[in-house]
Amino acid sequence: MKSTWRFALPWVLLLIVALATAWLRYGLIESSAIGQLCSTSHAPSWCSGRQWLVLGFLHNVYGVVALITAVLALLWQRPWLAWLAAALGVFALELYCFEAGALALLLGCLRLLRLQSRAAPVEQHRQRQQQIQSQP
C-alpha cells in the first residue's frame, strides 16, 4: 500500500497543479471584474502579478519553458524532472500555449510513466508463461 501511494503521489500533485492553474485562469486572468479593477488608476499591488501572467502567455514563455523542461526530462532520467515537465505542460496548456503545453504534458507524462515502471517492484509470484504439456 505504501508503494502504491509513492507511485500515485506525482499524479495527485499534477492534478493539484491543474486545478490551481484553472483557478488562475478563470478566477484571476479571465475575470472581467478583476480586469476592470486592475485597469483603474488605483489598482491593487497584486495586479502587476496578473499583468506578468498575461505577458507570459502573450509571448509564449510558458510553452517554451515547458518544452525545454520536457527535453531535459528526456535527456536525464529523473522522475522529478519528468513531473516538472508535465506540470509545466499543464500550466502552459491552460494558459493559452496549447501546442507546446500539450507536447510537454505528453512527453512529461510518458517519461514519468516509464521511470515509474522501471522502479516498480516485480511480483515474485507472477505466473510464468503457461505452456501446455503433453503429459502431466
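Among contacts in the chain between residues at least 6 apart in sequence, what percentage join residues at least 24 apart? It's 61%, where a contact means heavy atoms within 4.5 Å.

Okay, some ground rules before we go on. What you see is a predicted model, where local features need pLDDT of at least 70 and side-chain atom pairs count only at pLDDT 80 or more, while totals for chains, interfaces and linings use all residues. Residues are numbered from 1 along each chain as its sequence is written, and side-chain values use heavy atoms, with hydrogens and water left out.

So, the overall layout. We've got six helices and zero strands in the chain, and the pattern along the sequence reads α-α-α-α-α-α. Helices here are DSSP runs of H or I with at least four residues, strands are runs of E with at least two, and the numbering starts from the N terminus. The chain has 136 residues, and 34% of them count as buried. Buried means under 20% relative accessible area, exposed means over 50%, and partly exposed is in between, using a 1.4 Å probe and protein chains only. The accessible surface comes to about 9700 Å², with 65% of that belonging to carbon and sulfur atoms. Those areas come from the Shrake-Rupley method with a 1.4 Å probe, and for residues only the protein chains shown count as cover.

Now let's look at two helices together. The axes of α1 (residues 2–29) and α3 come within 11 Å and cross at roughly 115°. An axis is a line fitted to C-alpha atoms, for helices over the stretch in contact, and the angle runs from 0 to 180 degrees between N-to-C directions. From α1, the contact uses Leu24, Leu28 and Ile29; from α3, it uses Arg50, Leu53, Val54 and Phe57.

Phenylalanine 57 and tyrosine 96 make a tilted pair, 4.6 Å centre to centre with 50° between the planes. Phenylalanine 57 sits in α3 (residues 47–58) and tyrosine 96 in the loop between α5 (79–94) and α6 (98–119), so this pair ties together parts 39 residues apart in sequence. Phenylalanine 57 is buried at 15% relative accessible area, whereas tyrosine 96 is partly exposed at 25%.

The other pair is tyrosine 62 with phenylalanine 91, and that one is edge-to-face: 5.0 Å between centres, 90° between planes. Here tyrosine 62 belongs to α4 (residues 61–75) and phenylalanine 91 to α5, 29 residues apart. Both tyrosine 62 and phenylalanine 91 are buried.

Next, backbone angles. Most residues other than glycine have a negative phi. Tyrosine 96, though, has a positive phi near 75°. Asparagine 60 also has a positive phi, about 60°. Where is asparagine 60? In the loop between α3 and α4, and asparagine 60 is partly exposed at 33% relative accessible area.

Last stop: alanine 102, over in α6. Is alanine 102 buried or partly exposed? Partly exposed, with 34% relative accessibility. Alanine 102 is 13 residues from glycine 89 in sequence, and their C-alpha atoms are 6.1 Å apart in space.

Okay, that's my tour!

Key. Rings of Phe, Tyr and Trp (its six-membered ring) pair if their centres lie within 6.5 Å; planes under 30 degrees apart count as stacked, over 60 as edge-to-face and the rest as tilted.
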